[in-house]
Amino acid sequence: MKKKKRLVLTGRMIFVIIWCVFTLIPIYTAFVASLTKYENLGKTFLWPVDMYYQNYIDIWSRVNLTGYFKATVIYAVGTSLINVLLATFAAYALSRYAFKGKTFYSFIIFITQVIPQVVIAIPIFMTLNRIGLYDTYIGVIIAVLATSMAFPILLLRSFFDGIPVALEEAAAIDGCSRVGILFRIIVPLSTPGIATTFALSFFTGWGQYLYPLILTRDPSKTPLTVGISRMIDNQTPWEMVMTGTLLAIIPAIVIYLCAQKYLVQGLTAGSVK
Amino acid sequence: MKKISWRKMLSCLLAAGMVTVMAAACGSDSGDSGADQASSAEEETVTITFMRTGTPEVLHEIFDPIIESFEEEYPNIKVDMQDLGWSDAETTLQVMASSQTLPDVMYHLPVSIFDMADKGLIEDLTSYMDDELKEDIYPSLLEAGQYDGKQYMIPCGALTLLYWYNTELFEQAGLDPDNPPATWDEFLAAAKAISENTDAAGIAMYGMPSGGETSFFFESLFASEIGGETWDGERYTYEYDENRQAAIDTLEFIQELTQYSQGAVEETSRFDIRTMLRDGTVGMALDAVNMANQIQDGLDSGQFRVAQIPAGASGKQMSAVNVGGFFIPTNSEHKEEAWTFLRYLMNTDNQKAHSTYGSIPILKSEAETYDTSDPYWGTIIKSVEDSVPEGVCPKTNSLWNLTGEQLQLLMMNNQDAETTLDNIIAGHEEIYNE
Amino acid sequence: MKQKGSRRIEPYLFILPTIILFIFVLAVPLFNVFKFSLGDSNIIEGFKEWNSFENFEYLTTPRFLKSLGVTAVYVVCGVTGIVVCGMLVALALNKPMPLRGLFRSIVIIPWIVPHAFAASMWSWVLNSQFGFINQLLTKLNLISSPISFLSDGTALPTVIMVRIWQGTPFMIISLMAVLQTIPSDIEEAIELDGASAIQKSRYITLPYLRPVLMTATLIITAWTIQIFDTVYIMTAGGPARQTQLVAIEIYNKAFIDYDLGTSCAIAILVFIIVGIIGFIKFKNERMVEDA
């Protein structure tokens, strides 16, 4: 029995390791390429042959990386702040009230997350252009919000569902209003959920490509995704593209790793139902 | 109590909104402040925007000095150069056109320019052009910028198909580098000799139709097979019907070439073959002048050479010419200033600098600055003189796409030349009639 | 506080911002999608004139049906791959093992890599001249000439593999969460009864997983149908339309063929399919809630 258990454990370990290698291959090879000189790209294999860190210096002069970072951070932070707020309200309504049209509302919310961006991007552009929000940060942010609000709402709702109503009743007796209850009792009790929502929306905002591409015009509003993809034009050498790519995803990965304890907790507790 | 908390909720919303708006404001600040300061410093200074599709850092190296000297010469005009990569150019262009935010001077390809011209978005530059400029631009290039009898585009970037080869591999294969193949039969024989007698493949072929490159390849060979224009500029159709056999022969030639090429032709792009030739994995390639940037050292040392593409049945070593150029949109508020800048860019020296980005000479005066007895420049300038304009109309993107797909099938040996031609003709027919 | 009137209006105030967002950013544009699909339209000029459903004719051409077929293969294989891999990884990580925390963080990473970057990194890994995989296989003497991962016949499997790479983390997260809610005493009890691993998964694990598995699969399916940038950057639909997904078709019609009308007609088809999936998921969810 014990031997069998050990065998199963080894099997699991091997499988997980293979999967992790598969997961990391693209990121690792990008890392190797980013430390290689153009001429040596063909020679590099497991480890960069020349540790050419100059790529990381050159890239700043090649493209407007600072500008891309700034725009990306604005999209990511803007999206996540507003998303958390909207989702908190909506999730609270879904969790605590029975109201007419609730089913229909939930259906609509679900639908928003599966509308293909490529379907909706051009009409969104036309609407925003008409109301004067074309080429603004807020225009991109609300477009992102509209198609990504579902998951945070569903996530927070399952968090709120887990908080006993009795607590609120006690507070209500003390004369607390609904919004007061929401912010004084529910929100503090769902910190992991709020944090998870924030982080997820942050990554969503960070990774947007089509919306900023179509909804902005000014070069200062170009985010990393669009800016770096522009380098994949077959003229910019691969190692530069990879350096840019890595620089663009590293902040997101670092934030993820820092927050991952809460993230996994939050996602586990509020698993998508 | 109740009221207060709703207010609280509202204020929270507002606060979040403000954070974003402030962030947005900060963002646009840096962009605008420069222009503001400039306008306060000098009265009636006009800022025009300029966009040249391509790799930003390379383009800035070329254009920043030109812009600087322009601003010195015309102190009341400031030029704001903005970046646009090829990968998202079409998308951005459409969106800018739709929102009336096209830059005052822009470089792009005739397909999109003519489509926008059809919609009344492009300024007809015929009346702006002076005779000096008209005379100076090669006729086939000037013609390529015309649509519906109007000069919508001033050509400033052009490509012909050229024949690049590796002299070392030529010698190894027992071929004479001083007498490169001049006909299709000789060319095939050379490709065969290289792939049989050396480690390298005979010829680099590419099947990725990313921007009409393979269609251009086909059209150039077809031009040399029939010895003239491949496109009926009056009816906006390709001339395959009258030259059916010639088109089939051209396609067969392309298919035969793939026998002596590197593997996975359909996955290879025109850019990939440049490193292949550079690294000696192939002996020859048919590519535009952009190849030179990649193999410059070898060209200097004599390892690589360039020649006219081999001649088809017509006996003429000629290529189609693919052109891009500047245009001014009708939405521009400073058309005069925009033209002043555009005209400045077309000065011989400036155009020469621009051509280093990857273009054959556009101006005769530009060509004269090169030594035509030099085999490299001789070849390149002759290729412009002998070229025919590539066919372009607003539907060209769709036509190229379809041709590209069919050529891929041909190069993957999934269908023969005749079927390919029939599919191309039938597919084009549908697109013409749409 | 507990006045009836305000009780009734409160929830609507709470959901109001999302409703406003929905109307302006989705409902109005969606209405426009329908409008554009009914006529001759392009991006620059918008709707021009009614053309009696001409745009929808494209949906019946062999050209489009082929890309519908490609999309079907992509979605079915991609989603199956994601479900299988996601389940295996989640199960393997469910019980204690050395470095479990580290592994758990690693397997989620693809989820936060933006699609555009995933495409460029994978293009590099699979590059036939310099790519890592080809070098690895050559060094191990497994192949004599490089494999072309994006050519005739191989392109579709390759983009499906990249989709699995991208999509599996979501599956893993969803499943890991539920797996932890399975009470361990039940599992121990059944193990003591001498149940085999298969029996255990059949009677304990699967029933627990089913609702979440169902939901996650439907969401992943809807997401996979709309994949655009990854495949577009890697293959642009080629070679010879072998990876021409419907989403790429929508994009090309609008931006390459300047035909927004047909683009929107295709978009409506996609929207109907996605809507049906949404409806199934929704019904399913209500059943769970009602039970």
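1. Conventions. The model is predicted, and local features therefore need pLDDT of at least 70, side-chain atom pairs count only at pLDDT 80 or more, and totals for chains, interfaces and linings use all residues. Residues are numbered from 1 along each chain as its sequence is written, chains are lettered from A and ligands numbered from 1 in the order in which they are written, and side-chain values use heavy atoms, with hydrogens and water left out.

2. Fold of chain A. The secondary structure of chain A consists of 13 helices and zero strands, where helices (H or I, at least four residues) and strands (E, at least two) are DSSP runs numbered from the N terminus. Along the principal axes, the C-alpha atoms of chain A fill a box of roughly 75 × 70 × 30 Å. Of its 273 residues, 63% count as buried, a term that stands for under 20% relative accessible area, with exposed meaning over 50% and partly exposed in between (1.4 Å probe, protein chains only). Among the contacts in chain A with a separation of 6 or more, 74% are between residues 24 or more positions apart, a contact being heavy atoms within 4.5 Å.

3. Surface and charge of chain A. The accessible surface of chain A is about 10,300 Å², and 68% of that belongs to carbon and sulfur atoms; such areas come from the Shrake-Rupley method with a 1.4 Å probe, and for residues only the protein chains shown count as cover. Chain A carries 22 positive and 11 negative side chains, with 13 Å between the centres of the two sets. Lys and Arg count as positive and Asp and Glu as negative, while His and the chain ends are not counted, and the place of a charge is NZ of Lys, CZ of Arg, CG of Asp or CD of Glu.

4. Fold and surface of chain C. In chain C there are 12 helices and two strands, and the order along the sequence is α-β-β-α-α-α-α-α-α-α-α-α-α-α. The C-alpha trace of chain C spans about 80 × 75 × 30 Å along its principal axes, and 59% of the 291 residues are buried. For contacts in chain C between residues at least 6 apart in sequence, 66% join residues at least 24 apart. Chain C exposes about 12,100 Å², 67% of it supplied by carbon and sulfur atoms, and the mean positions of its 21 positive and 19 negative charges are 6 Å apart.

5. Interface of chains A and C. The size of an interface is often given as the accessible area lost when the parts come together. Chain A and chain C bury about 8,700 Å² between them, 82% of it on carbon and sulfur atoms, buried area being the accessible area (1.4 Å probe) that two parts lose on being put together, summed over both. On the side of chain A, the residues A:Arg12, A:Trp19 and A:Phe45 supply 8% of the area buried against chain C, more than any other three residues. In terms of contacts, 94 residues of chain A meet 97 residues of chain C.

6. Domains of chain A. The assignment gives domain 1 (1–52) and domain 2 (60–269) in chain A, where domain bounds come from an automatic or database domain assignment. The centres of these two domains of chain A, taken over C-alpha atoms, are separated by 31 Å. Eight residues of domain 1 of chain A are in contact with eight residues of domain 2 of chain A, and the two domains bury about 620 Å² between them, with 82% on carbon and sulfur atoms.

7. Domains of chain B. Chain B is assigned domain 1 (43–159 + 323–368) and domain 2 (162–318 + 394–433), with 30 Å between their centres, taken over C-alpha atoms. Between them, domain 1 of chain B and domain 2 of chain B bury about 950 Å², 61% of it on carbon and sulfur atoms. In domain 1 of chain B, B:Val111, B:Tyr147 and B:Leu159 lose the most area to domain 2 of chain B, together 53% of what that side buries.

8. Two residues. B:Arg270 is found in the loop between α10 (244–259) and α11 (272–278) of chain B and is buried, with a relative accessible area of 8%. Not counting residues up to four places away in sequence, B:Arg270 touches B:Leu159, B:Tyr206, B:Glu213, B:Phe216 and B:Asp287. C:Pro207 lies in helix α9 (residues 197–225) of chain C and is partly exposed, with a relative accessible area of 37%.
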